[in-house]
Amino acid sequence: MATYQYRAGLQNVGSYQVSGKPFASTVTAPASGATNFHKFDFPSVTKEITIINNHATQDKPVRVAFAHFGLDANYILVHPMKNGVGPTTLNVKATELYVMSNDSATPSVSVYASLTNIPIERVNNASPSGSNWSGSLGVG
């Protein structure tokens, strides 16, 4: 008789109902450029990501994308926390995140992620490029 081995996957509701494991990191976002970016590799699939642009003295936004090619066209601008602007929180499944400055500035960027117990191997190979839905419409 065969036995079923239960494994958490992308459609596993329980993985998103419980509190996530914390991931936190602060980096300096590189200046805008074709090869300049910082890549966050998450140890497991995220359930939520919060991005904080710590550049409070000037309005210097950072670009955030889910693939490095997305930093050219399919990115989100995260503005500094000032004048009522708060952190940007995304309720998304991801295994990596890319950031770079929107110009020549190099602001500090903090990323906090709530992680599921879903291994990144369950997401990789989800697209033709093999990683993080890269090549999907609107990703990169």
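The model is predicted. Its chain has 140 residues, of which 40% are buried, and it contains two helices and eight strands. The mean pLDDT of the chain is 84.

**Fold and confidence**

- Of the contacts with a separation of 6 or more, 80% are made by residues 24 or more positions apart.
- The accessible surface amounts to about 7700 Å², and carbon and sulfur atoms contribute 52% of that area.
- A pLDDT of 70 or more is reached by 82% of the residues.
- Among the elements of the chain, strand β1 has the highest mean pLDDT, at 96, whereas helix α1 (residues 14-17) has the lowest, at 79.
- Where pLDDT is low, predicted coordinates should not be read in detail.

**The largest nonpolar core**

- In soluble globular proteins, nonpolar side chains tend to be buried together.
- The largest nonpolar core of this chain comprises 19 residues.
- Within this core, the residues with the most contacts are Phe-40, Phe-42, Ile-49, Ile-51, Val-64, Leu-97 and Val-111.
- Two or more core residues come from each of β1, β3, β4 (62-65), β7 and β8 (108-119).
- Strand β8 provides the largest share of the core, with four residues.

- Ile-51 is one of the core residues with the most contacts.
- Leaving aside residues up to four places away in sequence, Ile-51 touches Val-64, Val-78, Pro-87, Thr-88, Leu-90, Leu-97, Val-109, Ser-110 and Val-111.
- Val-64 lies in strand β4 and has a relative accessible area of 2%, so it counts as buried.
- With the same exclusion of residues up to four places away in sequence, Val-64 touches Ile-51, Leu-71, Tyr-75, Ile-76, Val-78, Leu-97, Tyr-98 and Val-99.
- The C-alpha atoms of Val-64 and Leu-77 are separated by 6.4 Å, and these residues are 13 residues apart along the chain.

**Aromatic pairs and a charge over a ring**

- The structure contains two aromatic pairs.
- Phe-23 and Phe-42 form an edge-to-face pair, with 5.0 Å between the ring centres and 80° between the planes.
- This pair joins distant parts of the chain, 19 residues apart: Phe-23 belongs to strand β1 (residues 21-28), and Phe-42 to the loop between β2 (38-41) and β3 (44-53).
- Both Phe-23 and Phe-42 are buried.
- The ring planes of Phe-37 and Tyr-98 stand at 65°, and their centres are 5.4 Å apart; the pair is therefore edge-to-face, since the cut-off for that class is over 60 degrees.
- This second pair also spans distant parts of the chain, 61 residues apart: Phe-37 is in the loop between β1 and β2, while Tyr-98 is in strand β7 (residues 96-101).
- Phe-37 is partly exposed because its relative accessible area is 31%, whereas Tyr-98 is buried, with a value of 5%.
- Arg-63 is positioned over the face of Tyr-75, at 4.5 Å from the ring centre.

**Ile-118 in strand β8**

- Ile-118 is located in strand β8, and its relative accessible area of 0% places it among the buried residues.
- Apart from residues up to four places away in sequence, Ile-118 touches Ala-8, Gly-9, Leu-10, Ser-15, Tyr-16, Ser-44 and Val-45.
- Ile-118 and Gly-9 are 109 residues apart in sequence, yet 5.8 Å apart in space from C-alpha to C-alpha.

**Gly-20 in the loop between α1 and β1**

- Gly-20 is found in the loop that connects α1 and β1.
- The relative accessible area of Gly-20 is 22%, so this residue is partly exposed; the cut-off for buried is under 20%.
- Residues up to four places away in sequence excluded, Gly-20 touches Lys-47, Ser-114 and Leu-115.

Note on methods. Residues are numbered from 1 along each chain as its sequence is written. Side-chain values use heavy atoms; hydrogens and water are left out. Rings of Phe, Tyr and Trp (its six-membered ring) pair if their centres lie within 6.5 Å; planes under 30 degrees apart count as stacked, over 60 as edge-to-face and the rest as tilted. Buried means under 20% relative accessible area, exposed over 50%, partly exposed in between (1.4 Å probe, protein chains only). A charge sits over a ring if NZ of Lys or CZ of Arg is within 6 Å of the ring centre and within 35 degrees of the ring normal. Contact means heavy atoms within 4.5 Å. Accessible areas come from the Shrake-Rupley method with a 1.4 Å probe; for residues, only the protein chains shown count as cover. A nonpolar core is a set of buried Ala, Val, Leu, Ile, Met, Phe, Trp, Tyr and Cys residues joined through side-chain atoms within 4.5 Å. pLDDT is the predictor's confidence in each residue, from 0 to 100.
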